[in-house]
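Here's a quick tour for anyone meeting this structure for the first time. Have a look at the model, then read on.

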Amino acid sequence: MSTTEIPRGDSGPRYVRLQVELVLEVSGPDELRAAALDHIAADDYMPPQERLHARDAVGKDESEALAYLVDPADLLSAVPGVDLVQASWSCAHTEYDPDSDEWDLDDEDAADGDEAEDDEAEGDEAEDDAP
């Protein structure tokens, strides 16, 4: 079912799944860790045991520091007319090669364009075969 075929009610909420993938280069790991540690220290609702675990994780891994600093709710707080219903996120180190086809974010668009071109080519062939 395509996104245009999803039934929508006139009176009910419309749910939208927003998927975002970011690749970040950590150019200042010490600054990143310090910001995460400050964030953890300022969190009045974090239980002491979790705070210890968070400090330890941030001290060992920049991706953990980033995970403590990025919050999807913060990303949407200024967007009018939407309420965040559910969110999950994770951070992990990754191998990144900007020249690799694996990281070409336009692949989906290109694939859709290729299909459209294939359909047009098939239509042209059918016209050529007509008497």
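**A first look**

Ala-34 sits in helix α1; helices here are DSSP runs of H or I with at least four residues, and strands are E runs with at least two, numbered from the N terminus. This is a predicted model, where local features need pLDDT of at least 70 and side-chain atom pairs count only at pLDDT 80 or more, while totals for chains, interfaces and linings use all residues. Residues are numbered from 1 along each chain as its sequence is written, and side-chain values use heavy atoms, leaving out hydrogens and water.

**The chain overall**
- You'll find 5 helices and 0 strands in the protein chain, giving the pattern α-α-α-α-α along the sequence.
- Of the 131 residues, 12% are buried (under 20% relative accessible area; exposed is over 50%, partly exposed in between, with a 1.4 Å probe and protein chains only).

**Around Ala-34**
- Ala-34 is partly exposed, because its relative accessible area is 36%.
- Ala-34 and Val-58 are 24 residues apart in sequence, and their C-alpha atoms are 8.9 Å apart in space.

**How α1 meets α3**
- The axes of α1 and helix α3 (residues 62-69) come within 9 Å and cross at roughly 45°; axes are lines fitted to C-alpha atoms over the stretch in contact, with angles from 0 to 180 degrees between N-to-C directions.
- That makes α1 and α3 oblique to each other (under 35 degrees is roughly parallel, over 145 roughly antiparallel, 65 to 115 roughly perpendicular, and the rest oblique).

**Before α1**
- Val-20 lies in the segment before α1 (29-42) and is exposed, with a relative accessible area of 60%.
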